[in-house]
Amino acid sequence: MDSTSSDVPALRLRGLAKRFGQTPAVENLHLDVPRGSFYGFVGPNGAGKTTTLSMATGLMRPDAGIAEVVGVDVWAHPREAKRRMGVLADGVMLFHKLTGAQLVSYAGLLRGMDRETVQTRTADLLRVLGLEEAAGKLVQDYSAGMTKKIALASAMVHAPELLVLDEPFEAVDPVSARTIRGLLESYVASGGTVILSSHVMDLVQRMCSHVGIISEGRLLDSGTLREVQGEVDLETRFVELVGLDGGDQELSWLHL
Ligand SMILES: Nc1ncnc2c1ncn2[C@@H]1O[C@H](COP(=O)(O)OP(=O)(O)OP(=O)(O)O)[C@@H](O)[C@H]1O
């Protein structure tokens, strides 16, 4: 397949599956993320979002199925696939004994970039993300939001074709969230592709051109935002598909 063709999805998943013991976390999942799309991957807690994105990005080996980034098989050609994507993983340990600036630079050097470019881009990212003053501080001393931002900078420094972001806005303050949104929007406008997982339907509805809804390890619906949400808003559609499951219950003892 010609990986330069715009028909090749930025991310293509076929039959992805993963079990933890007897529990299926992801089952026979097929998904196409078109190039140049801003793709929201949503689902309730424990739906399989992180497991899917981990298998898609070479962090967790699937029991079955294929993951391709711009036509490159992630598990057959991990180095080539990883060059083309930037990943913000959920719950993965960073090298916390490095300073923020060192962490981003290290990520760039790992991708084979020259030192000068790495330095310039690291400074740009730290400035834009409001981390200039914390550049020399150890990552272990960062707050949760600062950690999220430095991990995001590390994922973006090599200007990959695809960004895979697991909960990029979690713990991030509203001003930084706005900055990150702006960065991602201009990245997509210039031809990049973003897939992000989130629980915040408003945010997905505002930012994303495409959506996939996953529950209990299965993809329930996917397509353009308009196709998926139909005549209602995304949250209503999400609840229709996933079910309320306790969402409308009350606790009598909590009535004061
Ligand atoms: N390392 C693991 N060992 C055992 N079970 C796991 C492991 N990781 C995930 N699971 C299980 O797999 C299922 C999917 O989890 P996953 O973290 O992918 O969901 P998620 O959609 O990302 O959830 P959340 O929105 O809460 O972050 C859950 O039932 C979870 O308990």
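Start by selecting strand E2 (23-33) and helix H1 (49-56), each of which supplies at least two residues of the shell around the ligand. Helices (H or I, at least four residues) and strands (E, at least two) are DSSP runs, numbered from the N terminus. Residues are numbered from 1 along each chain as its sequence is written. You are looking at a predicted model, in which local features need pLDDT of at least 70, side-chain atom pairs count only at pLDDT 80 or more, and totals for chains, interfaces and linings use all residues.

Stay with the ligand and show Phe20, Thr23, Ala25, Gly43, Asn45, Gly46, Ala47, Gly48, Lys49, Thr50 and Thr51, the residues around it (C-beta atom, placed from the backbone, within 6 Å). H1 gives the most to this shell, with three residues.

Next, select helix H5 at residues 144-156. Its 13 residues reach 19 Å from first C-alpha to last, close to the 18 Å expected at 1.5 Å a residue (1.5 Å times one less than the number of residues). Among the buried ones, colour Met146, Ile150, Leu152 and Met156.

Now bring up what covers those buried residues, including strand E6 (85-88), helix H3 (100-110) and helix H6 (174-189) (contact: C-beta atoms, placed from the backbone, within 7 Å).

Finally, select residues 11-241, where UniProt places "domain: ABC transporter" (unreviewed entry); such annotations may be inferred rather than shown by experiment. The span is 38% helix and 27% strand, and its end C-alpha atoms lie 24 Å apart.

Conventions: Buried ≥ 20, exposed ≤ 12 C-beta atoms within 10 Å, placed from the backbone. Contact = placed C-beta atoms within 7 Å.
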